[in-house]
Amino acid sequence: MGLGGCIILIAAGAILTFATDWEMDAVNLDLVGVILMIVGLIGVTTFSSIARRKRVVVPPTTPVVGEDPHRRDGYNGGYGV
(Lines give C-alpha, C1' and ligand atoms only; values in the text may rest on other atoms or scores of the structure.)
Protein backbone atom coordinates (compact mmCIF):
# COMPACT_ATOMS: atom_id res chain seq x y z
CA MET A 1 0.00 0.00 0.00
CA GLY A 2 1.50 3.28 -1.03
CA LEU A 3 1.13 6.75 0.33
CA GLY A 4 -2.01 7.38 -1.73
CA GLY A 5 -3.74 4.32 -0.30
CA CYS A 6 -2.93 5.44 3.24
CA ILE A 7 -4.37 8.88 2.58
CA ILE A 8 -7.52 7.30 1.13
CA LEU A 9 -7.89 5.19 4.30
CA ILE A 10 -7.58 8.31 6.46
CA ALA A 11 -10.14 10.16 4.35
CA ALA A 12 -12.61 7.25 4.33
CA GLY A 13 -12.25 6.87 8.09
CA ALA A 14 -12.84 10.58 8.65
CA ILE A 15 -15.94 10.46 6.45
CA LEU A 16 -17.33 7.46 8.33
CA THR A 17 -16.57 9.02 11.71
CA PHE A 18 -17.54 12.65 11.25
CA ALA A 19 -19.81 12.95 8.20
CA THR A 20 -22.30 10.12 8.41
CA ASP A 21 -25.45 9.63 10.47
CA TRP A 22 -26.03 6.01 9.54
CA GLU A 23 -27.07 3.63 12.26
CA MET A 24 -26.37 -0.08 11.96
CA ASP A 25 -27.27 -2.64 14.59
CA ALA A 26 -24.23 -4.88 14.23
CA VAL A 27 -21.55 -2.34 13.24
CA ASN A 28 -20.45 0.86 14.95
CA LEU A 29 -19.44 3.04 11.99
CA ASP A 30 -17.72 5.60 14.21
CA LEU A 31 -15.39 2.91 15.51
CA VAL A 32 -14.76 1.58 12.00
CA GLY A 33 -13.85 5.11 10.88
CA VAL A 34 -11.44 5.60 13.77
CA ILE A 35 -9.81 2.25 13.03
CA LEU A 36 -9.39 3.19 9.35
CA MET A 37 -7.80 6.52 10.32
CA ILE A 38 -5.38 4.80 12.71
CA VAL A 39 -4.40 2.22 10.09
CA GLY A 40 -3.88 5.02 7.55
CA LEU A 41 -1.65 6.95 9.98
CA ILE A 42 0.40 3.84 10.71
CA GLY A 43 0.78 3.30 6.96
CA VAL A 44 1.89 6.90 6.37
CA THR A 45 4.54 6.71 9.11
CA THR A 46 5.77 3.33 7.89
CA PHE A 47 5.90 4.49 4.28
CA SER A 48 7.75 7.68 5.15
CA SER A 49 10.33 5.85 7.27
CA ILE A 50 10.98 3.32 4.51
CA ALA A 51 11.22 6.06 1.89
CA ARG A 52 13.68 7.95 4.10
CA ARG A 53 15.92 4.88 4.34
CA LYS A 54 15.94 4.29 0.59
CA ARG A 55 17.05 7.83 -0.11
CA VAL A 56 20.81 7.92 -0.57
CA VAL A 57 22.50 11.22 0.01
CA VAL A 58 25.69 11.58 -1.97
CA PRO A 59 27.83 14.53 -1.00
CA PRO A 60 28.68 16.72 -3.94
CA THR A 61 32.17 16.25 -5.24
CA THR A 62 34.12 19.11 -6.70
CA PRO A 63 36.49 18.28 -9.51
CA VAL A 64 40.13 18.89 -8.74
CA VAL A 65 41.51 21.33 -11.22
CA GLY A 66 45.24 21.19 -11.55
CA GLU A 67 47.89 21.23 -14.18
CA ASP A 68 48.60 18.09 -16.11
CA PRO A 69 52.32 17.33 -15.69
CA HIS A 70 52.46 15.80 -19.18
CA ARG A 71 50.89 18.75 -20.94
CA ARG A 72 53.17 20.46 -23.42
CA ASP A 73 51.88 23.57 -25.07
CA GLY A 74 55.16 25.27 -25.87
CA TYR A 75 54.96 27.77 -23.07
CA ASN A 76 54.96 25.84 -19.79
CA GLY A 77 58.24 23.92 -19.68
CA GLY A 78 57.69 21.93 -22.80
CA TYR A 79 59.55 21.30 -26.05
CA GLY A 80 63.14 21.09 -25.04
CA VAL A 81 63.02 22.96 -21.77
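Me: In which helix is Met37 found?
Reply: The model is a predicted one. The chain has 2 helices and 0 strands. Met37 is found in helix α2.

Me: Is Met37 buried or exposed?
Reply: A residue counts as buried under 20% relative accessible area. Met37 has a relative accessible area of 17%, so this residue is buried.

Me: Which residues does Met37 touch, not counting those up to four places away in sequence?
Reply: Met37 and Ala14 are 23 residues apart along the chain, and their C-alpha atoms are separated by 6.7 Å. Ala14 is one of the residues that Met37 touches. With residues up to four places away in sequence left out, the list is Leu9, Ile10, Gly13, Ala14, Thr17 and Phe18.

Me: What span does helix α1 reach from its first C-alpha to its last?
Reply: Helix α1 covers residues 3-18, which is 16 residues. At 1.5 Å a residue, the expected span is 22 Å, and the model comes close to this. The span reached by α1 is 22 Å.

Me: Within what arc do the buried residues of α1 fall, seen down its axis?
Reply: The buried residues of α1 are Cys6, Gly13, Leu16 and Thr17. Seen down the axis of α1, they line one face of the helix, because they fall within an arc of 95°.

Me: Which exposed residues does α1 carry on the face turned away from its buried side?
Reply: The buried side of α1 includes Leu16 and Thr17. The face turned away from that side carries exposed residues, namely Ile8, Ile15 and Phe18.

Me: How does Phe47 count in terms of accessibility?
Reply: Phe47 is found in helix α2, residues 29-54. Together with Leu3 and Ile7, Phe47 forms a nonpolar patch on the surface, with about 250 Å² of accessible area together. The relative accessibility of Phe47 is 34%, so this residue counts as partly exposed.

Me: How far apart in space are Thr20 and Asp30, C-alpha to C-alpha?
Reply: Thr20 has its place in the loop between α1 and α2. Thr20 is buried, with a relative accessible area of 16%. In sequence, Thr20 and Asp30 are 10 residues apart, and in space their C-alpha separation is 8.7 Å.

How values were computed. Residues numbered from 1 in each chain as written. Predicted model: local features only at pLDDT ≥ 70, side-chain atom pairs only at ≥ 80, totals over all residues. Heavy atoms only, no water. Helix = DSSP H or I, 4+ residues; strand = E, 2+ residues; numbered from the N terminus. Expected span 1.5 Å × (residues − 1). Buried < 20%, exposed > 50% of the residue type's maximum accessible area, 1.4 Å probe, protein only. Arc of directions from axis to C-beta. Patch = residues over 30% accessible without salt bridge, like charges linked within 9 Å, V, L, I, M, F, W, Y side chains within 5 Å. Areas by Shrake-Rupley, 256 points an atom, 1.4 Å probe, with all protein chains shown as cover. Salt bridge = Lys/Arg side-chain N within 4 Å of Asp/Glu carboxyl O. Contact = heavy atoms within 4.5 Å.
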